Amino acid sequence: MGDHGGPIPDIPQSATRDVAQSATPASAPTRTPAAKRPSTRSLRRTGFLVTFILGGLTATPPLAMDMYLPALPEVTGALHAPAATVQLTLTACLAGMALGQLVVGPMSDRWGRRRPLLAGLAVYIVATALCAFAPTVEFLVAFRLAQGLAGAAAIVIARAVVRDLYDGVAMARFFSTLMLISGVAPIVAPLIGGQILRVTDWRGVFAVLTVVGALLAGLVWRRLPETLAPEERHGGGVGEALRAMRGLLADRAFAGYMLAGGFAFAALFAYIAASPFVVQEIYGASPQTFSLLFGLNSVGLVIVGQINGKVLVGRVSLDRVLGAGLTVVIVAATALLLMSAGVFGEVGLLPVAAALFVLMSAMGVTLPNTQALALLRTKHAAGSASALLGTSSFLIGAVASPLVGIAGEDTAVPMAVVQLAAALVALACFMGMCRPWNTRADRRSDGRAAAEGAGS
């Protein structure tokens, strides 16, 4: 494997213990001498700065989605559109983010991280501003698609930058730290959205999002240097990018983590798309009450994510923690389905909110660990790998969005069914493809096809 820069790191059950002994920043390999990357070294030393910037970038999706959630019922009336059609505005944004990542990820491997990121943020700002002036739901869907396509740059490049700067347990812990930063967005965004609706209509939500996007772009322009050295970039075009992705998909474990993370995200997005109608329309809560409950669930996700990064990573196998997290999601989704179907009789908002809290909190270990375990297997094409991870998650989530409203606005059963089915598929992919019981030798053998296919 010497011609390919070494085998892809294997992730056995003892991965966290093994990798912890050798976890070093990703810029350390001899092919990229540290002396050639002073800006990257400086950025790594400024831990708070890199965390804040990358956290802001990863917060772009929850900001675009969650600040808008309390306004969904209002949009149905203002634009004279049914709830299922309005939910397509979420689907369009997700689909745009998924497709955009497939383009931006390979671009960042070829031209570096900074230029594609700044271009994407510029288009995102324009598209978000246009959403505020959408005259019909059809225009709003189109503008949300453009918003998602451009916003994809922030998502995919943030993950690639983390892979540029960190490796091993350090990377896993950084992903958990990002859960804290990006978790602030879903906590604060619905609260801000609910308060904005007190003084203006849903269009004001997009005006605020435009300002936030402009501030983030300015911060990136001034303070985020290039993290991918020229000698580490891929000089090929579309063909090389496709070969890299094909090589990654040939790695059974990488594909398993990718699918497990994608279907876990589908369970999360089923909650995002359906909860405004479930909480407000079925249980009669106000937009402000919904915002508070949504924020509480996000707090649970952040707390569990910090436990994952500060306590579990380095002590317990990442695979074991991921398996436990998926199991908890399945249990919570089952409880939601039984309550929604009336098996326990008529229940109020409190038991449903408690089950949603448990489900969301478990996402604090499932989402960061699927990303870390997948990216640990690749250094040769971090942008393409990040694109595949993001695209699969957003495409699967986009499919889940309209399914939760298929039976109308008067029942929570579709939301629970989608969540349970997605979690079961995620666990099946994890167990069947990743094979967490594999030995180190098995994992190394499985990873060779990906390294060779990517031509690193």
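Colleague: Which helix gives the most to the nonpolar patch?

Modeller: In this predicted model, H13 gives the most, with five residues.

Colleague: Which residues form the nonpolar patch on the surface?

Modeller: The patch is formed by Leu-296, Val-299, Ile-303, Ile-307, Val-311, Val-328, Phe-357 and Val-358. Together they have about 600 Å² of accessible area. Helix H13 (287–312) and helix H15 (349–375) each supply at least two residues of the patch.

Colleague: Where is Val-328 found, and why is Val-328 called partly exposed?

Modeller: Val-328 is found in helix H14, residues 318–340. Its relative accessible area is 36%. Buried means under 20% and exposed means over 50%, with partly exposed in between. The value of 36% lies in between, so Val-328 is partly exposed.

Colleague: How do you know how many disulfides there are?

Modeller: The sulfur atoms of a cysteine pair must be within 2.5 Å to count. By this rule the count comes to zero disulfides. Take Cys-93: the closest cysteine sulfur, in Cys-131, is 7.7 Å from the sulfur of Cys-93, so the pair is too far apart for a bond. Cys-434 is in no disulfide either, as the nearest cysteine sulfur, that of Cys-429, is 8.2 Å away.

Colleague: What makes Cys-93 and Cys-434 buried or exposed?

Modeller: The relative accessible area of Cys-93 is 0%, and that of Cys-434 is 1%. The cut-off for buried is under 20%. Both values are under that cut-off, so Cys-93 and Cys-434 are buried.

Colleague: What is the phi of His-80, and where is His-80 placed?

Modeller: Phi of His-80 is near 55°, a positive value in a residue other than glycine. Most residues other than glycine have a negative phi. The place of His-80 is the loop between helix H5 (72–78) and helix H6 (83–111).

Colleague: Why is His-80 called exposed?

Modeller: Exposed means over 50% relative accessible area. His-80 has 73%, so His-80 is exposed.

Colleague: Where is Arg-435 found, and what is its phi?

Modeller: Arg-435 is found in the loop between helix H17 (413–434) and helix H18 (440–454). Phi of Arg-435 is near 50°, again a positive value in a residue other than glycine.

Colleague: Why does Arg-435 count as partly exposed?

Modeller: The relative accessibility of Arg-435 is 31%.

Notes: Residues are numbered from 1 along each chain as its sequence is written. This is a predicted model: local features need pLDDT of at least 70, side-chain atom pairs count only at pLDDT 80 or more; totals for chains, interfaces and linings use all residues. Side-chain values use heavy atoms; hydrogens and water are left out. Helices (H or I, at least four residues) and strands (E, at least two) are DSSP runs, numbered from the N terminus. Buried means under 20% relative accessible area, exposed over 50%, partly exposed in between (1.4 Å probe, protein chains only). Patches are made of residues with over 30% relative accessible area and no salt bridge: like charges are joined within 9 Å, nonpolar side chains (Val, Leu, Ile, Met, Phe, Trp, Tyr) within 5 Å. Accessible areas come from the Shrake-Rupley method with a 1.4 Å probe; for residues, only the protein chains shown count as cover. A salt bridge is a side-chain nitrogen of Lys or Arg within 4 Å of a carboxyl oxygen of Asp or Glu.
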